[in-house]
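Biologist: I am new to this structure and would like to learn how to read it. Could you walk me through it?

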Amino acid sequence: MPPTKRSDEISSRIGVGFLGAGPVTQAIHLPSLSRLTDLFEVTHVMDVDADVAAAVASRVDAASSTSMDQLLGDPRVEVVAICSPHKFHAAQVIAACRAGKKAVLCEKPFAVSAEEAAEIASVSAETGVPIVVGAMHAFDPGWLAAEKLWETLPETAHTIRVSVVLPPNARFEDFATEVIARPAGGWPDYSDPEVIAATLEGGVLGLAIHDLPLVRRFVPTFDDLQVLRAEVVRPWGYVFLLRAGGRTIELSASVNATWKPDWTLEATGPDSTLRVTFTPSYVQAGSAVAEFTAGGLTKVAGPFDHNGYEGEWRRIAGIVHGTEEAPEAGALIEDLRFALVTVDGARAHVLEAAV
Ligand SMILES: NC(=O)c1ccc[n+]([C@@H]2O[C@H](COP(=O)([O-])OP(=O)(O)OC[C@H]3O[C@@H](n4cnc5c(N)ncnc54)[C@H](O)[C@@H]3O)[C@@H](O)[C@H]2O)c1
């Protein structure tokens with residue numbers, strides 16, 4: 001029988017398999033992919049929890065399993081999206097590369113140590129499988145438009161500031177305190193320096209990491225990174241003051257139970273300023289807005305019709321179809337190293353202050 005129109009459409013779409021089907025898969029990626037059905041088809045959902053895998057798979061008419069090997073062995077999975085907890089990311093990225101998939105989208109952070117990152121770099125180079133890390137702001141059309149507006153600011157900026165104000169979010173707090181269990185139903189015990197250090201680590205790897213690849217565009221080198229200030233903010237949040245490559249970097253986050261959330265990156269030089277205002281995580285409400293001011297003139301770009309989550313998937317489609325370049329693995333490793341150096345510096349700063 002000649003193929004129907006529907007099967008023609010399906011065969012031209014890129015098959016996606018999810019490893020981990022928690023909130024990020026359900027509330028971020030599936031809604032993004034539901035707007036890109038001309039490009040992608042979710043073919044397989046794997047989760048260690050069989051009920052979650054089956055329930056999520058049934059929403060998109062995909063196969064389900066509890067085994068990574070089964071998903072990787074499924075020929076209808078061409079791109080693997082890794083949305084499991086952080087500690088599994090590196091091994092799953094490596095397995096997906098070795099399975100010869102067309103691309104891997106790994107949620108941030110794609111590794112939690114420099115050793116893991118180095119191993120990923122070598123497997124990616126050996127297998128040639130492109131890796132996209134889900135730092136969604138880097139794929140936001142508002143940010144991509146800012147890159148075209150900012151003239152010489154990356155060379156001249158002296159101060160880079162990222163400020164995040166979010167509604168209360170126990171997910172960050174839980175990750176931040178997984179090293180030491182938080183008191184049942186309470187906030188972390190910030191009298192313990194280990195809890196402070198763990199909270200700051202969770203803040204960097206869970207939240208600040210979204211923007212560190214963007215910050216790095218204005219920070220030429222960071223081998224000299226110094227942590228001048230590293231504090232927790234109650235009930236949850238952080239303030240970091242860093243110096244690196246001759247730049248001052250301020251990173252702050254706080255939860256605040258009042259409307260409205262705010263997520264802003266600013267880069268300031270002697271005669272120009274960039275301000276990018278992002279939409280909050282999980283929200284699919286169009287792109288960031290970029291404002292670039294120089295010589296008394298402000299140019300504005302955005303908002304555009306989609307955000308960085310959808311931008312990630314559009315980029316993957318371009319990579320798979322050979323129309324766009326894959327991110328450079330070396331840059332991904334440097335982004336992660338920047339995060340890890342900040343975590344290590346913050347820990348040392350907190351433990352020193354406690355003596
Ligand atoms: N890009 C963003 O805006 C954003 C926002 C929040 C979280 N994240 C990242 O996304 C990832 C997932 O976040 P989440 O909130 O959905 O996490 P979660 O821990 O709530 O859910 C992850 C799911 O993975 C499953 N799982 C556990 N071990 C697994 C394994 N070995 N293999 C496969 N599945 C496994 C769990 O059963 C769960 O259903 C995290 O790395 C997180 O940092 C990204």
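Modeller: We will go from confidence to strands and then to the ligand. Please keep in mind that this is a predicted model.

Biologist: What is the mean pLDDT of the protein?

Modeller: pLDDT is the predictor's confidence in each residue, from 0 to 100. Here the mean is 91, and 92% of the residues reach 70 or more. Residues 1–10 stay under 50, and the model has two contacts beyond four places in sequence for them.

Biologist: Thanks! Is strand S2 largely enclosed or exposed?

Modeller: A residue is buried if 20 or more other C-beta atoms lie within 10 Å of its own. In S2 (residues 40–46), seven of the seven residues are buried, so the rest of the structure largely encloses this strand.

Biologist: Which strands pair with S2?

Modeller: S1 (residues 14–19) pairs with S2 in the parallel sense, over six bridges. Within S2, valine 45 stands opposite phenylalanine 18. Between S1 and S2 the chain passes through helix H2 (residues 23–34), in a right-handed β-α-β crossover. S2 also pairs with S3 (residues 63–65), again parallel, over three bridges. There, alanine 63 of S3 is the bridge partner of histidine 44. Helix H3 (residues 50–59) carries the chain from S2 to S3, and this β-α-β crossover is right-handed too.

Biologist: How many residues surround the ligand, and which are the closest?

Modeller: There are 24, and the closest are Gly20, Gly22, Val24, Ser84 and Glu107. The shell divides into twelve nonpolar, seven polar and five charged residues.

Biologist: Which helix gives the most to that shell?

Modeller: That is H2, with three residues. Helix H5 (86–98), like H2, supplies at least two.

Note on methods: Residues numbered from 1 in each chain as written. Predicted model: local features only at pLDDT ≥ 70, side-chain atom pairs only at ≥ 80, totals over all residues. Contact = placed C-beta atoms within 7 Å. Buried ≥ 20, exposed ≤ 12 C-beta atoms within 10 Å, placed from the backbone. Helix = DSSP H or I, 4+ residues; strand = E, 2+ residues; numbered from the N terminus. Pairing = 2+ DSSP bridges. Right-handed = clockwise from strand over helix to strand, strands pointing away. Near = placed C-beta within 6 Å. Nonpolar A, V, L, I, M, F, W, Y, C, P; charged D, E, K, R; others polar.
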